[in-house]
Amino acid sequence: MVSSLSKLLKETSYGQHVPAKLVLEDGSVYVGYSCGAEGEVFGEVCFNTSLEGYIEVISDPSYAGQIITMTYPQIGNYGVNKDDLQSDSLALRGLVVHEMCFVPSNWRSEISLPDFLKEQNVVAIGGIDTRSLTAHIRDHGAQRGVLSTTDLDTDSLLAKVRASESIVGVNLAKTVSRQDVSQYTELPKSHEFAIAAPKDAHYNVVAYDCGVKKSILQGLIRVGCKLTVVPWNTPAEDVLAMNPDGVFLSNGPGDPEAVRETYIQVEKLIGKVPLFGICLGHQMISLASGAEMEKLKFGHRGGNQPVMNLRTGRVEITAQNHGFGLLFDSLGPLIPELSGGFSEHVRNLTFWSKHKIAPVVQNSRFGRIQLTHINLNDGTAEGIAFLDQPVFSVQYHPEANPGPTDAHYLFTAFTRLMDGRSDYLDIDIANDRLAGWEFGTAKGEIDA
């Protein structure tokens with residue numbers, strides 16, 4: 001009977017697979033099957049709640065050092081189109097899914113996800129209860145894990161994972177940054193069916209690559225930026241010598257405190273040129289201002305994080321990927337007359353959303369800094385703006401790859417900052433969220 005079932009399974013799209021095992025440092029064990037390359041990898045196990053966009057997720061350089069668990073139950077069903085990749089190579093350590101699709105169906109698919117993972121030498125495990133794993137991480141926090149298809153002995157794997165390196169204190173940004181200065185002009189032709197042509201290049205922008213996603217650079221191009229992309233540790237003097245209209249600080253992986261060479265340069269750039277930071281870039285601006293960071297229990301990763309813009313009162317559903325965050329109270333004392341009369345900091349920042357106030361602190365290095373965005377799930381800081389310098393930053397990803405388009409306005413805000421407008425962030429997202437998208441025809445009309 002077993003022989004007959006094995007033969008029958010072998011003839012299906014699932015076939016027969018090599019066994020695999022995931023072991024966490026607290027001793028939790030998950031057994032499944034290999035659905036990528038064979039091997040053994042170590043990393044911090046985290047989860048992403050996006051319902052789609054798995055190829056953009058796994059190709060995001062911000063996942064360097066991590067094993068990603070996808071909470072959506074079936075992954076790979078629409079295959080892989082390489083134009084959707086966020087980097088030229090994959091930086092994640094491994095992938096965990098409930099059910100892997102080996103035979104995708106989509107007109108844009110070039111290769112199945114399992115075959116792509118093998119091509120990229122990424123170890124992956126399927127067939128496990130990702131709901132249980134996600135709940136465990138939420139309860140006990142992100143932790144080190146080992147994913148193996150070569151060693152299935154639990155005691156051996158547990159000993160190895162407990163001896164493995166933590167991502168805390170490790171500069172992962174330098175492992176995914178480019179090595180040379182280059183111009184970036186890439187806009188995939190396969191996206192033209194959905195996205196309109198970019199605006200004429202009007203702004204000369206230098207972008208620090210700390211592990212930047214291609215779609216973020218493309219978002220800057222689409223609002224009229226001519227991009228020069230530089231390595232993560234490029235001296236501020238070299239950047240200023242390029243006479244930029246603005247400087248962009250990119251997303252990136254890992255512990256921001258370990259990326260010291262970047263935030264030292266940022267400190268030199270503040271006040272000299274308009275700055276916009278996303279994710280790790282936001283943390284670089286914060287650290288340059290003397291702020292402190294915290295490691296979040298399990299981070300924010302997915303396309304459904306609610307964020308309030310305290311300046312406008314509008315709520316954005318955002319895409320995020322980070323495990324560290326800014327402690328807003330470490331930027332300086334509150335200025336009561338600019339903070340609704342309040343003089344004491346609060347731990348949960350949803351306090352400010354309830355009072356409809358965007359509080360301002362007095363920073364010892366750069367003057368007044370306003371809290372502009374907060375996460376409505378856990379009350380953490382999601383964005384700041386300097387009131388005495390042309391600088392702003394957000395913790396989340398506005399480029400919608402994958403994710404909603406609510407935060408697209410931040411690219412427009414950067415151009416308004418470079419134009420010298422004080423109201424650069426005061427944009428109605430309802431009008432901006434669909435800017436630049438085409439639906440159905442070249443004229444942007446919807447087909448009947």
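The buried residues of helix H10 are Leu280, Gly281, His282, Gln283, Met284, Ile285, Ser286, Leu287 and Ala288, where buried denotes under 20% relative accessible area, exposed over 50% and partly exposed in between (1.4 Å probe, protein chains only). Helices (H or I, at least four residues) and strands (E, at least two) are DSSP runs numbered from the N terminus. The model is predicted, with local features requiring pLDDT of at least 70 and side-chain atom pairs counted only at pLDDT 80 or more, whereas totals for chains, interfaces and linings use all residues. Residues are numbered from 1 along each chain as its sequence is written, and side-chain values use heavy atoms, with hydrogens and water left out.

Because nine of the nine residues of H10 are buried, this helix is largely enclosed by the rest of the structure. Just after H10, Gly290 adopts a positive phi of about 90°.

A nonpolar core is defined as a set of buried Ala, Val, Leu, Ile, Met, Phe, Trp, Tyr and Cys residues joined through side-chain atoms within 4.5 Å. The largest such core has 43 residues, of which Val247 and Phe328 touch the most other members. Two or more residues are given to this core by each of strand E11 (203-209), helix H8 (236-240), strand E13 (246-249), helix H9 (260-269), helix H10 (280-288), strand E15 (292-309), strand E18 (367-375) and strand E19 (381-386). H10 supplies the largest share, five residues. Apart from this core lies another, of 34 residues, including Tyr203, Leu220, Phe276 and Ile429. In soluble globular proteins, nonpolar side chains tend to be buried together.

Contacts (heavy atoms within 4.5 Å) were then examined for individual residues. When neighbours within four places in sequence are left aside, Phe328 is in contact with Leu334, His345, Leu349, Pro359, Val361, Ile369, Gln370, Leu371, Ala381 and Ile384. Phe366 is located in the loop between strand E17 (360-363) and E18, and is buried, with a relative accessible area of 11%. Residues up to four places away in sequence not being counted, Phe366 touches Glu267, Ile270, Ala288, Ser289, Phe386, Asp388 and Gln389. Phe366 and Ser289 are 77 residues apart in sequence, yet their C-alpha atoms are 6.9 Å apart in space.

Rings of Phe, Tyr and Trp (its six-membered ring) were paired if their centres lie within 6.5 Å, with planes under 30 degrees apart counted as stacked, over 60 as edge-to-face and the rest as tilted. By this rule there are ten aromatic pairs. Phe351 and Trp352 form an edge-to-face pair, at 4.9 Å centre to centre and 90° between the planes. Phe351 is partly exposed, with a relative accessible area of 22%, whereas Trp352 is buried, at 0%. Ring pairs also link Phe248, Phe276, Phe392, Phe414 and Tyr424 into a cluster.

A charge was taken to sit over a ring if NZ of Lys or CZ of Arg is within 6 Å of the ring centre and within 35 degrees of the ring normal. The charged end of Arg311 sits over the ring of Tyr424, 5.7 Å from its centre. Lys295 lies over the face of Phe324, at 5.6 Å from the ring centre.

The structure holds zero disulfides, a disulfide being a pair of cysteine sulfur atoms within 2.5 Å. The sulfur of Cys35 is too far for a bond because the closest cysteine sulfur, in Cys101, is 11 Å away. Cys210 is likewise in no disulfide, the nearest cysteine sulfur, that of Cys279, being 10 Å away. Cys35 is buried, with a relative accessible area of 2%, and Cys210 is buried, with a relative accessible area of 2%.
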